Amino acid sequence: MTVNHHPSNETLLHFAAGTLSAGPAVVIAAHLEQCELCRLRVVDFESIGGMVLDDMPPTRLATDAFARTLKRLDETTASSTEGPIIAERHAAVGIPLPAVLRHCRVGRWRWLGPGFRWSKVTIPESPDAKVMLLKARAGLRLPAHGHTGMEYMQILSGSLHDDRGQYGPGDLDEADVNVEHQPVVDTQSECVCLAALEGDTRLHGLLGRLLWPVVGF
Ligand SMILES: [Zn+2]
């Protein structure tokens with residue numbers, strides 16, 4: 001698998017420091033499962049963070065954050081042995097899910113628009129995090145939309161493109177408030193993504209109008 005789109009250094013730094021909020025952290029962890037380059041960058045950032053911590057008076061918060069990050073990395077790189085619950089989730093979604101989702105609740109597919117479905121992902125320790133799986137049929141053209149907060153999207157299967165490039169399996173799209181785009185699913189197959197939204201819930205454009213009343217975000 002060739003990964004062409006990665007999280008920003010800032011995002012990986014926050015992930016390494018344990019300061020990325022729960023929803024985006026799940027999406028970044030899913031990316032790390034598929035991207036050795038970013039795994040190595042996170043390890044580098046943790047080394048830097050560790051050196052900085054060595055020069056600072058110990059604080060419980062920093063120690064906890066570091067421990068949480070290590071635990072998350074362990075989980076990310078752990079064996080992919082799958083129990084029956086994961087198998088059940090696979091059947092529900094139709095594709096292999098990232099290992100990081102094994103402790104999350106994955107809801108059934110719900111209608112979001114013609115050829116467009118979503119499934120709510122609930123993180124038990126952060127139930128308010130806005131995380132979802134999105135599934136769009138081959139060739140589906142989404143109307144242009146913007147964002148009022150950060151949007152992180154990891155491509156799990158299929159591919160899509162917009163005027164910034166093409167995104168395939170393993171790629172992570174990180175869109176901020178400056179991004180206005182019109183993703184189009186490539187024609188070969190449907191596309192399934194894991195997405196997390198941050199910030200103001202009032203997304204504008206079609207995606208916001210679709211998601212807000214239906215998803216309750
Ligand atoms: Zn990467």
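This is a predicted model: local features need pLDDT of at least 70, side-chain atom pairs count only at pLDDT 80 or more; totals for chains, interfaces and linings use all residues.
**Close-up views of a zinc site and a helix contact**

View B. The zinc ion is held at 2.1 to 2.3 Å by ND1 of H6, NE2 of H31, and the SG atoms of C35 and C38. The angles among these four donor atoms run from 98 to 121 degrees, and the site is tetrahedral. For comparison, the ideal angle for four tetrahedral donors at a metal is 109.5 degrees.

**View C. Accessibility of H6 and C35.** H6 has a relative accessible area of 26% and is therefore classed as partly exposed, while C35, with a relative accessibility of 3%, is buried, because the cut-off for burial is under 20% relative accessible area.

**View D. Contact of α1 with α2.** The axes of α1 and α2 come within 11 Å of each other and cross at roughly 100 degrees, so that α1 is roughly perpendicular to α2. On the side of α1 the contact is formed by T11, L12 and F15, and on the side of α2 by A25, I28, A29 and L32. Classed by residue type, this contact of α1 with α2 comprises six nonpolar residues and one polar residue, with no charged residues.

Terms used. Residues are numbered from 1 along each chain as its sequence is written. Side-chain values use heavy atoms; hydrogens and water are left out. Donors are N, O and S atoms within 2.8 Å of the metal (3.2 Å for Na, K and Ca); water is not among the atoms, so sites may look incomplete. Four donors count as tetrahedral if all angles lie between 85 and 135 degrees; four count as square planar and six as octahedral if opposite donors are over 155 degrees apart and all others between 65 and 115; anything else is irregular. Buried means under 20% relative accessible area, exposed over 50%, partly exposed in between (1.4 Å probe, protein chains only). Axes are lines fitted to C-alpha atoms, for helices over the stretch in contact, and angles run from 0 to 180 degrees between N-to-C directions. Helices (H or I, at least four residues) and strands (E, at least two) are DSSP runs, numbered from the N terminus. Angles under 35 degrees count as roughly parallel, over 145 as roughly antiparallel, 65 to 115 as roughly perpendicular and the rest as oblique. Contact means heavy atoms within 4.5 Å. Ala, Val, Leu, Ile, Met, Phe, Trp, Tyr, Cys and Pro count as nonpolar, Asp, Glu, Lys and Arg as charged, and the others, Gly among them, as polar.
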